[in-house]
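Thanks for making the time this morning.

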Amino acid sequence: MQNMLSKQELTSQELQMLSSEMEKRQKQVVVTWLLWFFLGSLGGHRYYLGRTGTAIAQTLTLGGLGIWALIDLFLISGMIRQENPLC
C-alpha cells in the first residue's frame, strides 16, 4: 500500500521515466522463444529469464537429453509472464 501512495506523489515526468525503465527491463518474448528453439537443451532461455540454478542443471544434463526442453515448451509462457508482471 505504501508503494502505491509514494507512486501517486510522483510527477508525470517521473512516472513516464519509471514506465520507460520498467519497459527496458522486461524480457522479450521473441528472444526467449528463439533461445528455447536454438539453445533449449542447454537452458539458454532459462539463463535469459534469470533462472540460473535450473539453467545450469539443464546444461549439465543436456536438457535431460531433450526431455526438459520439451517440457519447457509448455512452461515457457508462464515463466515469461512471471518475469514480466506488467504484460
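Accessible areas come from the Shrake-Rupley method with a 1.4 Å probe, and for residues only the protein chains shown count as cover. A salt bridge, in turn, is a side-chain nitrogen of Lys or Arg within 4 Å of a carboxyl oxygen of Asp or Glu.

Please keep in mind that this is a predicted model, in which local features need pLDDT of at least 70 and side-chain atom pairs count only at pLDDT 80 or more, while totals for chains, interfaces and linings use all residues. Residues are numbered from 1 along each chain as its sequence is written, and side-chain values use heavy atoms, with hydrogens and water left out.

For the overall picture, the chain has 7 helices and 0 strands, where helices (H or I, at least four residues) and strands (E, at least two) are DSSP runs numbered from the N terminus. Its accessible surface comes to about 6500 Å², and 65% of that belongs to carbon and sulfur atoms.

On that surface, Val30, Leu34, Phe37, Phe38, Leu39, Leu42, Leu62 and Leu65 form a nonpolar patch with about 870 Å² of accessible area together. Two elements, helix H3 (29-39) and helix H6 (62-65), each give two or more residues to this patch, and H3 gives the most, with 5 residues. Leu62, which lies in helix H6, counts as partly exposed at 46% relative accessibility; buried means under 20%, exposed over 50%, and partly exposed in between (1.4 Å probe, protein chains only).

Turning inward, 21% of the 87 residues of the chain count as buried. Which side chain does Asp72 meet in a salt bridge? The partner is Arg46, at 2.7 Å from N to O, and this pair links distant parts of the chain, with Asp72 in helix H7 (residues 67-83) and Arg46 in helix H4 (residues 44-48), 26 residues apart. By the rule I gave, the count comes to 1 salt bridge.

Are these two partners buried or exposed? Asp72 is buried, with a relative accessible area of 0%, and Arg46 also counts as buried, at 6%. Leaving aside residues up to four places away in sequence, Asp72 touches Trp36, His45, Arg46, Gln58 and Met79, a contact being heavy atoms within 4.5 Å.

Notes: Patches are made of residues with over 30% relative accessible area and no salt bridge: like charges are joined within 9 Å, nonpolar side chains (Val, Leu, Ile, Met, Phe, Trp, Tyr) within 5 Å.
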